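Dear colleague,

I am passing on the structure below, together with some notes on what turned up in it. Please read the notes with the coordinates open beside you.

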Number of protein chains: 2
Amino acid sequence: MPSKPPEAVDDPHRSTPAPAAGEQFQGPELSLDPDDWYSFAASAHAALDDAIEFLRTARQRPVWQPVPQSVRAALNTSIPLQEQSLDEVYHEFKELILPYSTGNTHPRFFGWVHGAGSADGVVAEMLAAAMNANCGGRDHGAIYVERAVVDWCKQLFAMPDSASGLLVSGTSMANLIALAVARNARAEQSRANGLRDHPRQLVAYASSEIHQCVVKAMEILGLGAASLRRIATDGEFRIDLRALGERIAADRERGLEPFCVVGTAGTVNTGAVDDLEGLAALCAAEQLWFHVDGAFGALCVLSDALKAKVKGIERADSLAFDFHKWMHVPYDAGCILVRRGDLHRAAFSMRPPYLGAMPRGLAGAAEWPCDLGPELSRGFRALKVWFAIKRHGMRRFGELIAQNCSQARYLAELISHEPELELLAPVSLNIVCFRYRPPAGGDPALVGGALDLLNEELVQDLHESGVAAPSTTRLRGRLAIRVNITNHRSRRADFDLLVDAILSAGRRRAAPTTRAPGTSASA
Amino acid sequence: MPSKPPEAVDDPHRSTPAPAAGEQFQGPELSLDPDDWYSFAASAHAALDDAIEFLRTARQRPVWQPVPQSVRAALNTSIPLQEQSLDEVYHEFKELILPYSTGNTHPRFFGWVHGAGSADGVVAEMLAAAMNANCGGRDHGAIYVERAVVDWCKQLFAMPDSASGLLVSGTSMANLIALAVARNARAEQSRANGLRDHPRQLVAYASSEIHQCVVKAMEILGLGAASLRRIATDGEFRIDLRALGERIAADRERGLEPFCVVGTAGTVNTGAVDDLEGLAALCAAEQLWFHVDGAFGALCVLSDALKAKVKGIERADSLAFDFHKWMHVPYDAGCILVRRGDLHRAAFSMRPPYLGAMPRGLAGAAEWPCDLGPELSRGFRALKVWFAIKRHGMRRFGELIAQNCSQARYLAELISHEPELELLAPVSLNIVCFRYRPPAGGDPALVGGALDLLNEELVQDLHESGVAAPSTTRLRGRLAIRVNITNHRSRRADFDLLVDAILSAGRRRAAPTTRAPGTSASA
């Protein structure tokens with residue numbers, strides 16, 4: 001509770017109000033502040049207790065449950081015009097929203113590459129909301145916190161002092177910024193004149209396993225999806241360096257202008273890591289920008305056991321990665337680092353008079369983050385990253401990353417002992433792709449599309465059961481159950497349970513009786 | 001405090017662990033969860049008390065204070081490797097970060113268009129961090145909350161049901177998305193092939209008062225800054241419709257392809273509102289996309305007294321605005337609405353196999369937000385907007401917006417009574433641009449650049465005094481003190497105090513004695 005009386009708050013600068021300048025400027029003035037701060041504090045503390053309890057009991061809940069039709073209907077109202085008490089609004093939140101979380105706080109959430117969140121992240125976000133900093137620029141504490149976090153990241157990836165960095169919503173945005181810098185570094189007139197005047201078509205390269213956000217970035221930047229050449233991969237889903245070299249040569253021969261190669265540290269499908277050293281050498285030889293999409297895999301540098309896998313990452317011209325994945329900072333928080341800070345600024349810096357810097361005062365500070373990206377309004381996401389790194393220390397994150405990769409190998413071993421389960425890709429880091437297949441003597445029709453469908457249904461069954469939430473993908477034309485482990489709450493026993501649940505669901509689905517009319521197996 | 005014992009938490013699905021599959025998979029497993037939830041809860045509640053106290057006593061602090069060199073040095077450490085207790089980290093936050101806020105929670109923060117934050121926003125952000133939703137897609141509660149908020153906004157701006165919307169970090173990002181949709185709607189092949197293949201140069205139009213983020217969006221999209229024609233304004237800083245029509249005709253004659261006009265509802269310099277009805281009619285006649293940058297001004301629709309100023313906004317093809325400005329939601333939160341939802345999806349929708357939707361389970365839900373923008377990782381910013389709208393009701397925001405505009409007129413009236421102050425632009429909404437000028441008989445050298453410098457110094461003096469924080473801009477070649485009022489805590493008495501402080505500082509600066517060596521007036 002507030003330690004001071006909640007009534008009038010003295011303002012040391014406040015003098016006696018001047019007489020009103022006219023009748024139209026009289027009468028009471030409103031604010032959004034609580035009338036009664038004690039009552040507000042009581043409600044806020046009750047909500048905090050619930051938030052803590054939500055995290056503490058993560059394991060007790062189903063991983064996921066559908067949002068009932070009644071809840072959807074209750075949320076779908078006309079626009080609220082009148083105020084409600086905080087307790088009323090909070091009650092609705094607790095009934096209609098809190099029970100239907102994504103599930104990624106649960107130890108058996110294995111779908112997509114989501115971090116699991118953390119308790120200290122709740123504290124950091126609460127404090128950031130109170131400070132309400134706009135980190136687009138100017139001279140205030142939040143700017144120095146972001147600078148500290150960026151400097152730590154530069155140290156982590158052996159970037160020089162002259163490198164630049166920016167916290168962003170995630171790797172989608174970080175990749176967009178990196179490709180914009182790479183594009184503008186090549187086509188220097190493009191800021192002013194756009195791409196039409198550039199003499200040749202700019203083309204970039206990545207493996208066929210590249211994340212869709214890189215394709216989207218190419219589209220947004222006006223380069224076009226087709227200008228991202230998707231190069232074949234080897235048996236471990238890593239870019240084929242020879243095929244890459246040949247394609248670059250062929251494109252040059254056709255009069256196109258290669259400008260960038262995107263390597264991936266941890267592909268979304270299988271967790272494969274491209275040969276980053278090989279890519280760095282190729283880019284140096286070909287004078288191409290070397291960008292690394294290291295959304296989750298980049299942080300393997302934190303683990304002695306894993307850092308060899310991402311060797312070469314320290315040679316990237318730009319690097320994108322996330323804090324909300326393997327560092328479990330609450331959504332959202334990612335980072336872009338650019339080796340040549342001058343090129344980064346050249347792509348985004350723009351200061352009209354209303355954003356002019358001054359030698360002193362709030363408009364001071366040498367570098368404003370808005371000079372490094374598309375956003376002028378930017379929340380204080382650096383605080384939760386600062387809290388996470390200070391609270392747990394970088395070593396702990398390295399240990400947890402290694403733990404998740406060990407759990408992936410554990411799961412792969414469990415799978416290898418089950419004849420009804422089939423591994424569909426090598427386990428490189430933390431992602432295990434496999435499928436259920438009926439035992440010998442089972443339904444001979446369960447092959448091809450029918451087997452894909454069975455596995456898809458099985459994953460949906462698992463979600464609806466609340467036991468575990470893997471996702472799916474397609475690998476070499478086959479549907480895979482995809483278990484991604486970016487979860488500090490997962491224990492080996494959770495994978496035992498997952499395998500049991502998948503075998504049960506698979507057997508139920510594969511048995512002819514379950515495919516009677518009225519079940520959703522035919523959906 | 002948690003109501004249940006904080007020890008082991010039962011998992012209804014947890015069975016006896018299977019025997020370990022091999023020796024390498026034994027030993028304890030780590031997590032980021034607190035060892036002692038009671039102790040964590042105690043620290044978190046203490047931090048919440050401080051957060052509440054920070055807001056409750058906003059008026060007691062200086063608006064701004066510089067970050068001391070010692071604090072900058074303390075933040076500038078090598079990367080933390082070892083863990084620290086939450087209390088230790090929190091203590092550092094309280095010493096090094098909290099005192100150095102941007103200042104926009106203070107009633108006399110008038111610099112730039114920043115919202116002032118709110119107490120209920122702190123609760124909402126804390127809860128969002130606990131849920132840790134990734135709102136890129138899938139089927140969970142947060143998705144329906146965002147949909148509700150977007151639907152409310154569609155109702156507010158009379159958009160049809162088929163319109164689409166997305167919460168974003170702010171209007172910078174919203175404008176970028178809008179222009180991408182407009183660009184792709186015109187150049188249908190640009191997603192695949194980029195802009196080089198488009199037969200003619202695409203050009204867009206806005207007034208010379210347009211915000212820099214629209215220029216940046218043109219650059220990012222590969223269209224180029226020069227392809228945004230900046231049209232002259234009238235005496236009230238509104239786009240000159242006749243000049244606009246002439247420029248469009250001239251561009252067409254030159255073989256260029258006009259595709260979009262950006263109108264502004266509330267310019268950053270003076271708060272001017274373009275003639276949106278006139279622009280809508282012109283765009284209809286010319287078959288151009290009509291985008292409105294309504295960062296703060298769009299929400300004038302909430303006030304009966306002000307909504308006539310933005311008439312025509314309901315005819316926009318796309319509309320960008322912020323919640324963190326005049327709705328005081330904690331940073332960051334803005335919105336993009338697009339009348340033709342199909343064109344919005346056509347510009348951004350992309351679903352590779354690992355993001356495939358399913359009929360049931362967590363991968364269900366008809367529309368994923370990632371289909372409407374560049375980001376796949378997206379925090380749950382809809383919750384704080386939902387909380388703000390439910391808690392206060394839309395009417396209250398309309399009243400507060402009208403109150404800020406009334407305060408701007410009040411300040412203008414105070415200025416008009418002071419011969420040493422000169423208004424430099426009409427007061428359209430909530431922004432007052434003026435300057436100090438020495439009284440008759442003062443230093444005759446204080447004109448032109450010297451007078452600009454005096455006013456710039458004066459604003460820095462004000463920041464450093466902690467009394468008030470206006471910003472500056474340039475209007476028709478003259479430096480203006482710019483007072484922007486998006487602040488629910490400001491009172492008329494704060495403007496009396498501001499005028500007194502500016503007069504004192506101006507007189508001190510204008511007096512010949514102050515410009516002795518050693519003062520910063522010559523900086």
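His328(B) lies in the loop between β7 and β8 of chain B, where helices (H or I, at least four residues) and strands (E, at least two) are DSSP runs numbered from the N terminus. Although His328(B) is not a glycine, its phi is positive, at about 60°. His328(B) counts as buried because 28 other C-beta atoms lie within 10 Å; a residue is called buried if 20 or more other C-beta atoms lie within 10 Å of its own, exposed if 12 or fewer, and partly exposed in between, with C-beta atoms placed from the backbone. The loop between β7 (318-322) and β8 (334-338) of chain B also holds Asp332(B), and the peptide bond that joins Tyr331(B) to Asp332(B) is cis, with omega about -5°.

Please keep in mind that this is a predicted model, in which local features need pLDDT of at least 70 and side-chain atom pairs count only at pLDDT 80 or more, while totals for chains, interfaces and linings use all residues. Residues are numbered from 1 along each chain as its sequence is written, and chains are lettered from A and ligands numbered from 1 in the order in which they are written.

In chain A, the peptide bond from Tyr331(A) to Asp332(A) is likewise cis, with omega near -5°, and Asp332(A) sits in the loop between β7 and β8 of that chain. Strand β8 (residues 334-338) of chain A has 5 of its 5 residues buried, and the cover is on both faces, with Gly334(A), Ile336(A) and Val338(A) on one side and Cys335(A) and Leu337(A) on the other. Strand β7 (residues 318-322) of chain A pairs with β8(A) in the antiparallel sense over 5 bridges, two strands being paired if DSSP finds at least two bridges between them; within this pairing, Phe321(A) stands opposite Cys335(A). Strand β2 (residues 164-168) of chain A also pairs with β8(A) in the antiparallel sense over 5 bridges, and there Ser164(A) has Val338(A) as its bridge partner.

The loop between α5 (141-156) and β2 of chain A contains Ala158(A), a residue other than glycine with a positive phi, near 55°. Ala158(A) is exposed, since 12 other C-beta atoms lie within 10 Å.

Another sheet in chain A is open and has 5 strands in the order β1-β11-β12-β10-β9, with mixed pairing. Its edge strands are β1 (109-110) and β9 (421-423), each of which pairs on one side only. β1(A) runs parallel to strand β11 (residues 469-475) of chain A over 2 bridges, and Phe110(A) has Pro470(A) as its bridge partner in β11(A).

As for helices, 8 of the 9 residues of helix α8 (residues 212-220) of chain A are buried, so the helix is largely enclosed by the rest of the structure. Among its buried residues are Lys216(A) and Glu219(A), and α8(A) is followed by Gly222(A), which has a positive phi near 80°. Taken whole, chain A has 14 helices and 12 strands, and buried residues make up 59% of its 523 residues.

Turning to the way the chains meet, the contact takes 182 residues from chain A and 184 residues from chain B, two residues being in contact if their C-beta atoms, placed from the backbone, lie within 7 Å. Helix α12 (residues 382-416) of chain A gives the most to the side of chain A that touches chain B, with 16 residues. One residue to look at here is Met126(B), which touches Ala47(A), Leu48(A), Ala51(A), Val122(A), Glu125(A) and Met126(A), not counting residues up to four places away in sequence.

Chain A can be laid on chain B with an RMSD of 0.0 Å by a turn of 180° and a shift of 0.0 Å along the axis, the superposition being by least squares on the C-alpha atoms of residues with pLDDT of at least 70 in both copies. The two copies are therefore related as by a two-fold rotation axis. Of the interface residues of chain A, 100% are also interface residues in chain B, so the copies meet through the same surface.

With best wishes
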